[in-house]
Amino acid sequence: MLKTFAPAAMALAVLTAACSRPAEQQIETGGADPRVIQARGTLAESEQATIAIFQSASPSVVLVVSRSVSGFNQEEIGAGTGFVWDEAGHIVTNNHVVQAQQIVVRTPGGEDVPATVIGRAPQYDIAVLRLERPTGAPPLPLGTSNDLQVGQATFAIGNPFGFDRTITSGIVSALGRQLPTQQGREIADVIQTDAAINPGNSGGPLLDSAGRVIGVTTAIYSPSGAYAGLGFAVPVDTVARVVPQLIENGRAPIAGIGVMAADQAIATRLGVEGVLVWQTARGSPAERAGLRSTDPQRGIMGDVIVRAEGQPVRRLVDLTNTLDRLGVGADIDLTVQRGNQTVELSIPIEDIGGGEGEGQTGRK
């Protein structure tokens, strides 16, 4: 990247030198007077507000550098963004940013500080870092995401392509998006924004016009891999619930009942509308409640979950979102289609841990 910019800088220097000599000659020989610089005047209120947001928030935004050694001793280096969460100096970032053997946080002052991942929540793509020594930067103020409105202003501060402390602005483009994760679940109520987000922005704060954190920038949708106007952020209400659990326990509970749900493609081929129970985990709440599994060898279809808490369940995300909302320790009321019968069940929600299904099924 430096090689790309070097020729342009050199060309600019040559052009400046070439242009400066005739100007000096004109002044010496009594040529045309130089142009008068007009006074700028007061910046617009919107400009002043953006400047104030950047000056206030940017000292608490850091560059997260990850290093790993792969086969043949090839070093892989990645970069993302994080921000100061609390007075203890914990750094919040995306889980996918810190999938590495070594993590270093570069502060706005240019200091490199070793960091340790003390908690991960892959189901929300959130991770928390503890620095070897605190930066002294203040935590960013938190907002809320439950009262956001489409059209309100957003500001993202991050390190796109390694260019540190970059601010971009936009609006809330949409609300209530679903964002798939690597563990077969989907993050609910994701914020969509058109503030420019590029590789390197991941893990940075999405701010509102009051400079409060309303989300953590996580993903983009782009055919090219670069900014295309579709960026997504995990809502701060989710982050504020998960981060204290990560700091205290190193993980966030995964609310579930212990069912393996059939892949949506299988359910569609069978003409199922709802979540088809593929298998129940041994000793799980689902097994204790009597939910029936699918037996493909005998051609017996299992129970189909069609409603949760009175609301339709059309996809697995409808069920997992309800489980997350209710939380571990609560009961979930399910309506189940069992052959020609409709069965009503109340099943306790438990922490199903980190064991998520792969391939055709996912445990919930």
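In the predicted model, A156 has L206 as its bridge partner in strand β10. This contact belongs to the pairing of β7 with β10 (residues 205–207), in which the two strands run in the antiparallel sense over 2 bridges. Strand β7 is also joined to strand β8 (residues 166–180), again in antiparallel fashion, by 6 bridges, and within this pairing F155 stands opposite S169 of β8. Of the 6 residues of β7 (residues 153–158), 5 are buried, so the strand is largely enclosed by the rest of the structure.

The structure contains 1 aromatic pair. This pair is made by F83 and W85, whose ring centres lie 6.5 Å apart with 50 degrees between the planes, an arrangement classed as tilted. Both F83 and W85 are buried.

Side chains of opposite charge can pair when their charged atoms come close. A search of the whole structure identified 9 salt bridges, among them the one between R338 and D303, in which the closest N and O atoms are 2.8 Å apart. This pair links distant parts of the chain, since R338 lies in strand β18 (residues 331–338) and D303 in the loop between α5 (285–288) and β16 (304–308), 35 residues apart. R338 has a relative accessibility of 16% and therefore counts as buried, and D303, at 1%, is likewise buried.

Salt bridges that share partners also join E111, E132 and R133 into one network.

Technical notes. Residues are numbered from 1 along each chain as its sequence is written. This is a predicted model: local features need pLDDT of at least 70, side-chain atom pairs count only at pLDDT 80 or more; totals for chains, interfaces and linings use all residues. Side-chain values use heavy atoms; hydrogens and water are left out. Buried means under 20% relative accessible area, exposed over 50%, partly exposed in between (1.4 Å probe, protein chains only). Helices (H or I, at least four residues) and strands (E, at least two) are DSSP runs, numbered from the N terminus. Two strands pair if DSSP finds at least two bridges between them. Rings of Phe, Tyr and Trp (its six-membered ring) pair if their centres lie within 6.5 Å; planes under 30 degrees apart count as stacked, over 60 as edge-to-face and the rest as tilted. A salt bridge is a side-chain nitrogen of Lys or Arg within 4 Å of a carboxyl oxygen of Asp or Glu.
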